[in-house]
Amino acid sequence: MTASDTALAEQENREQVVNDFSITIGTVNGSGSQTSNLTIIRSIFKMGIPVSGKNIYPSNIQGMPTWYTIRVSKDGYLARVPEPDIVVAMCPESFQEDVDRLPPGGLLIYDQGIRAEVEREDIFSYPLPVQKLVRASDAPRNLQDYVANMVYVGALVALLELEIDKVHQALDFHFSGREKPVDLNYKIIQSTAEWCSENLEKVDPYHLERMEATKNLKLVSGNEAAAIGAAFGGVQFMGWYPITPATGLADMLKVYLPKLRKDPETGKNTFAVVQAEDELAAIGMAVGAGWGGLRAMTSTSGPGLSLMTEFAGLAYYSETPLVIWDVQRVGPSTGLPTRTSQGDVIMAHYLGHGDTQNILLLPGSPYECFKFGWRSFDIAERLQTPVYVLSDLDLGVNQWITEEFEYPEVEMDRGKVIWEDDLEAFEGDWGRYLDVDGDGIPYRTVPGNKHPESAWFARGTGHDEYARYSEDPEDFLKNMERLRKKYETARSLMPEPVLDEMESAEVGILAYGSTDPAVQEARDHLRDRGIPTDSLRLRAIPFTSVVHEFIKAHRQIYVVEMNRDGQVHKLLSLEVPEETGKMVSVAKVDGLPLTAEWIVDQIESMEEK
Amino acid sequence: MAKRGGNGQNELGLTKDEYRGAPSTLCKGCGHQSIANQVISVVYEMDVLPEKIMKFSGIGCSSKSPAYFLSRSFTFNGLHGRMPSLATGAVFADHTLKAMGFSGDGDTASIGMGQFKHIMRRNVPLLYIVENNGVYGLTKGQFSATADQGLELKKQGLNPYMPVDIVREALASNATFVARAFSGDVKQLREILKAALSHEGIAIIDIISPCVSFNNQDDALHSYSWGRDHEVAIHDLAYVPPREEIEVDYDKEVMKKVTMHDGSKIVLQKIGEEHDISKRVDAVNLLDRADEEGILLTGLFYIDTEQPSLIDIKGITEEPLNRLTNDRIRPSREDLQDVNEMLF
Ligand SMILES: Cc1ncc(C[n+]2csc(CCOP(=O)(O)OP(=O)(O)O)c2C)c(N)n1
Ligand code: SF4
Ligand SMILES: [Mg+2]
């Protein structure tokens, strides 16, 4: 017996592995594998098992290797794990690489049309005669390539006990109940499952088993959630330009708005979506609409946000409300267009030349994408300023488990917009930039107001309290001070951070956005290794007093984020300079979502010092 | 003229003063000032409430001029070259308002060429005026993209490049109203402005508007004297307001009457050769010949009143979107329940 044989024998004696493993599926992109992958994750979800799926795809339309990683965790840990327990190898180009990634005792399911046999003896492996199975099916010739990927779904049905009725349910959802494609795909899955049962002997330890952990929960992407949120936030104007990974948000708005936002009386639209010629125009239109009194938004990603800079500054300085979604991808420059990051925080916060300071919302789940989807409009209109919602590719594009969306608990806040009657009350002394209430937020009128004193001249040039052109140093100072005051007012409107405490924790982890699953898992491991931690998940900038208190209350603060430079760590150092000594940046971006393992390693090694 | 109220009031009871703006800071004699004055007259004469107008502009001397007229109209003086996008979003706020955009040749034909092209493609209901002086006035006289080849300016030297022609660009981009005027010919300018304000779609007017500080030598294409000596109108254009019968005796042969959506009419009387304003090629041919002859052609080159505007295309409510109450823009609890049920 070789060493590897021994390892395998040990594995065989090992206990069964139920609902606690990860699968990496390597396929050729553009081959329809996305449908198969979604079908698998949806089926597992409907079996009641906590599951997550991450698409690791190339910036390419057809022909390059693409991976989908699925994590199944009975304990509810849904962050990415570095290496898979199971590999489904369907891509010739990445075949060897994918096989090599398996640890001893891992499970390989592969297309024997790519390689008849694999050399590794320390793993379990099942070859699939993909071509034969597809040929044997009654799929029309022109669709055979497309449905070939359903073969591995069938294999998982037989080998992992993925429930076939759940698979049917998933297909039914995917194809919106259209019988033809559902049947076509289902049949291949079924026949493959039968073939596997007849021809393969199950020797590996991996199993799926029904649970009750996903009851009343939903599986949805952040982009879809954001679009639904915006629809319930009353979005009236959306200007956008296609860019990965933000496109899905606009796509979803185009699905939901016609369903939800036709005027019941007239059947006319209470919204407009315009695909602009570029991001300059996309935000320009949104600024025009926001100035006009509409709930306006745009969505983009890094390169688009760079283009939007000049208008961002204009919106800030003219005090025009709008919502800007940045579904972050990896920069600098075009960077890794199909990979995730949190690299735009500092840029978005200061977007615009001169002294600009912007409001950021940081959703950490699809649920919050929905919530901030509507709430961002309230904040933008209340503060008369652009609000940036920073999602990312992982959150925006991948399917995440979420609670059902809850109806906005508060009335819509349209801010200090005044109409004809309100103007009368000002008795001739209304000024667009007059700070009447002492909160830095002036009153504004919008076009269509027929009061003879309602009009004002919006501009990006220096202005006084009555929106008149001014180069007077006093006017300039006063206006900029008011804008600063408005920023202070903003703190009271920000969603508070989410706190979680552990007994006798001395150190705190401060993180935000899509890294949350990895952070929470890391905390459990750290506790097991004798390092209990408290955690604060930031949901907005400006920071609130809760953030200050959290930092003060801990010996050490680890700021975990998915960028190179520790961008929130830097912003916190500016916010609480007296505490910089205790704040440590735990930051990394390589395109892949952070893993708990990496966070644990980082913090453990620093705690040991 | 329509019956006016007494004391210089129009039908709304407003005097011309109520259509003016802040004191101008343009150079004395600047062509842009003359355009500003005509806009004041036209809106006053058309009995449009200033609050029913929105103005937009980019950056430049031309773009800052909206401060000097219609101060009772909402205005957004935005970014260099980006007036079109700003206006595109804003027209959705209240589509019952008339939108007017003011730009320069630098603002439109250089930095803003992209947005200029796309606003025409979408047929945004906007009167888009290019105050064309062949130079960047505000940054002290550099050549703009419309400067003529061979133009020589003291500080800039010789312009070696071929010019961009706003009218040809507009024709090529399917603009639904394309005209050229000369700010030294206020009578025609007024009529064209009125016609353009009645157009429900994008109306481009290229107005040759001399910059007296940087490009007004007698032989320069964008100068007053050259314009005066070389302007040739392609027709005599008269605007007839809605409800008013055409009973005037025209001194020339009437070639065509175009009825606008608001019921007003554009009456074209023959001057020289007949020109069909429903054919883009005719306009282009005419322009080519004008170049050969070295003349400045003005008038309405093309009109199409049939194309739907962006507002029509998007099928929005009759009521201005910015007047919709909260309950009409937030779907119900039941709707959210349905959405939740639809999700997987
Ligand atoms: C992004 C940007 N680049 C450059 C400028 C500087 N700038 C101001 S006005 C102008 C040119 C304006 O020329 P034009 O549109 O022809 O207007 P005119 O002054 O001739 O009426 C330039 C380049 C600016 N304001 N913004
Ligand atoms: S510089 Fe030229 S364009 Fe500017 S105001 Fe003076 S004359 Fe007019
Ligand atoms: Mg100019």
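This is a predicted model: local features need pLDDT of at least 70, side-chain atom pairs count only at pLDDT 80 or more; totals for chains, interfaces and linings use all residues.
Me: Start with ligand 1. Where does it lie?
Reply: Ligand 1 sits between chains A and B.

Me: How many residues surround it, and which are the closest?
Reply: There are 18 residues around ligand 1, and the closest are B:S62, B:D105, B:G106, B:D107 and B:G137.

Me: How does that shell divide into nonpolar, polar and charged?
Reply: The shell around ligand 1 has 6 nonpolar, 9 polar and 3 charged residues.

Me: Polar contacts next. What lies 2.7 Å from an oxygen atom of ligand 1?
Reply: That is a polar side-chain atom of B:D105. B:H32 also places a polar side-chain atom by a ligand 1 oxygen, at 2.8 Å.

Me: And which backbone atom lies 2.9 Å from an oxygen of ligand 1?
Reply: A backbone N or O atom of B:V135 does.

Me: How much of ligand 1 does the protein bury?
Reply: The ligand exposes 590 Å² when taken alone, and the protein buries 77% of that.

Me: Which elements give two or more residues to the shell?
Reply: In chain B, they are α2 (61–64), α4 (105–109) and β5 (135–136).

Me: Which of them gives the most?
Reply: α4(B), with 3 residues in the shell around ligand 1.

Me: OK, ligand 2. Which residues are around it?
Reply: The list is B:L26, B:C27, B:C30, B:H32, B:C61, B:N133, B:C211, B:V212, B:S213 and B:F214. B:H32 is in this list and also makes the 2.8 Å approach to ligand 1 described above.

Me: How many charged residues are in the shell of ligand 2?
Reply: That shell has no charged residues; its classes are 7 nonpolar and 3 polar.

Me: What does it pair with in the antiparallel sense?
Reply: β2(A) pairs that way with strand β4 of chain A, residues 65–73, over 9 bridges. One bridge there joins A:S22 to A:R71 of β4(A).

Me: And in the parallel sense? Which strand is the partner?
Reply: Strand β5 of chain A, residues 86–89, pairs with β2(A) over 4 bridges.

Me: What stands opposite A:G26 in β5(A)?
Reply: A:A89 does.

Me: Remind me, how do side chains alternate in a regular strand?
Reply: They alternate between the two faces of the sheet.

Key:
Residues are numbered from 1 along each chain as its sequence is written. Chains are lettered from A and ligands numbered from 1 in the order in which they are written. Side-chain values use heavy atoms; hydrogens and water are left out. Two strands pair if DSSP finds at least two bridges between them. A residue is near a molecule or strand if one of its heavy atoms lies within 4 Å of it. Ala, Val, Leu, Ile, Met, Phe, Trp, Tyr, Cys and Pro count as nonpolar, Asp, Glu, Lys and Arg as charged, and the others, Gly among them, as polar. A polar contact is a pair of N or O atoms within 3.5 Å; within protein, one must be able to donate a hydrogen and the other to accept it, and residues adjacent in sequence count only if both atoms are side-chain atoms. Accessible areas come from the Shrake-Rupley method with a 1.4 Å probe; for residues, only the protein chains shown count as cover.
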